[in-house]
Amino acid sequence: MTGSLVARPHDALTLVPRTFEGGVTMFAAIPLLALPVIIYNVAALTLVGGFSATDATAAMDGKLFSISMTSGSAWPVGLGDLLIAVSLVVLFIELLKSTTSRRVAIINHSLSMVLFIACLVEFLLFPAFATSTFFLITLMVLLDVLAGFIVTIVASRRDIDFGGD
């Protein structure tokens with residue numbers, strides 16, 4: 001690892017982000033599923049009553065816009081639907097990231113576990129998070145944690161020859 005934000009000797013104004021082996025920045029260690037969780041937290045804070053608001057389900061299910069389908073019917077899309085769709089795309093990217101067996105992947109899995117614990121606490125303790133939307137986001141974070149550890153263990157076992165076979 002190189003220094004935190006190190007200045008290059010020839011240019012005192014240029015700062016370089018901290019990198020891990022192989023040139024991967026420390027930003028690769030941050031779980032991307034934190035983005036939908038942060039968006040939900042901001043949306044919950046804007047509700048009347050903040051985290052103790054009981055009308056979060058109505059806010060998540062409220063129609064933002066509608067899409068005209070070929071059948072002629074309208075498909076109403078709410079904030080909760082958008083968050084679930086974004087979370088699924090981010091989960092896919094996280095699963096692709098978990099296939100690497102670098103040191104940064106282990107840090108990512110650990111931070112994903114911390115994110116899951118935070119989501120679980122919010123889901124269980126705050127009324128604004130007791131919605132199906134946040135439950136599904138929390139479930140995606142759990143799947144990211146499980147898949148990350150399982151994929152890392154399988155990749156490590158493949159990389160190490162245990163002999164006997």
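This is a predicted model: local features need pLDDT of at least 70, side-chain atom pairs count only at pLDDT 80 or more; totals for chains, interfaces and linings use all residues.
Walk along the sequence and you get the pattern β-β-α-α-β-β-α-α-α. Of the chain's 165 residues, 32% count as buried. If you look at contacts between residues at least 6 apart in sequence, 56% of them join residues at least 24 apart. The accessible surface comes to about 10,100 Å², and carbon and sulfur atoms account for 70% of that.

Strand E3 (residues 63-68) and strand E4 (residues 74-78) pair in the antiparallel sense over five bridges. How many of the six residues of E3 are buried? The number is zero, so E3 lies largely in the open.

Now for the inside. In soluble globular proteins, nonpolar side chains tend to be buried together. Here the largest nonpolar core has 24 residues, and Val37, Tyr40, Leu115 and Val141 touch the most other members. Helix H1 (34-45), helix H2 (56-61), H3, helix H4 (103-125) and helix H5 (132-159) each give two or more residues to this core. Take Val37: leaving aside neighbours within four places in sequence, Val37 is in contact with Leu115, Cys119, Glu122, Phe134, Ile137 and Val141.

Helix H3 (residues 79-97) also carries Glu94. Is that residue buried or exposed? Glu94 counts as buried because its relative accessibility is 1%, and the cut-off for buried is under 20%. Beyond its neighbours within four places in sequence, Glu94 is in contact with Ile30, Pro31, Leu32, Leu33, Asn108, Ser112 and Asp144.

Last stop, the aromatics. The structure holds seven aromatic pairs. One of them is Phe51 with Phe129, an edge-to-face arrangement at 5.0 Å centre to centre with 70° between the planes. This pair links distant parts of the chain: Phe51 is in the loop between H1 and H2, while Phe129 is in the loop between H4 and H5, 78 residues apart. At 25% relative accessibility, Phe51 counts as partly exposed, whereas Phe129, at 0%, counts as buried. Both rings belong to one aromatic cluster, formed by Tyr40, Phe51, Phe126, Phe129 and Phe134. Tyr40 also turned up among the core residues that touch the most other members.

Notes: Residues are numbered from 1 along each chain as its sequence is written. Side-chain values use heavy atoms; hydrogens and water are left out. Helices (H or I, at least four residues) and strands (E, at least two) are DSSP runs, numbered from the N terminus. Buried means under 20% relative accessible area, exposed over 50%, partly exposed in between (1.4 Å probe, protein chains only). Contact means heavy atoms within 4.5 Å. A nonpolar core is a set of buried Ala, Val, Leu, Ile, Met, Phe, Trp, Tyr and Cys residues joined through side-chain atoms within 4.5 Å. Accessible areas come from the Shrake-Rupley method with a 1.4 Å probe; for residues, only the protein chains shown count as cover. Two strands pair if DSSP finds at least two bridges between them. Rings of Phe, Tyr and Trp (its six-membered ring) pair if their centres lie within 6.5 Å; planes under 30 degrees apart count as stacked, over 60 as edge-to-face and the rest as tilted.
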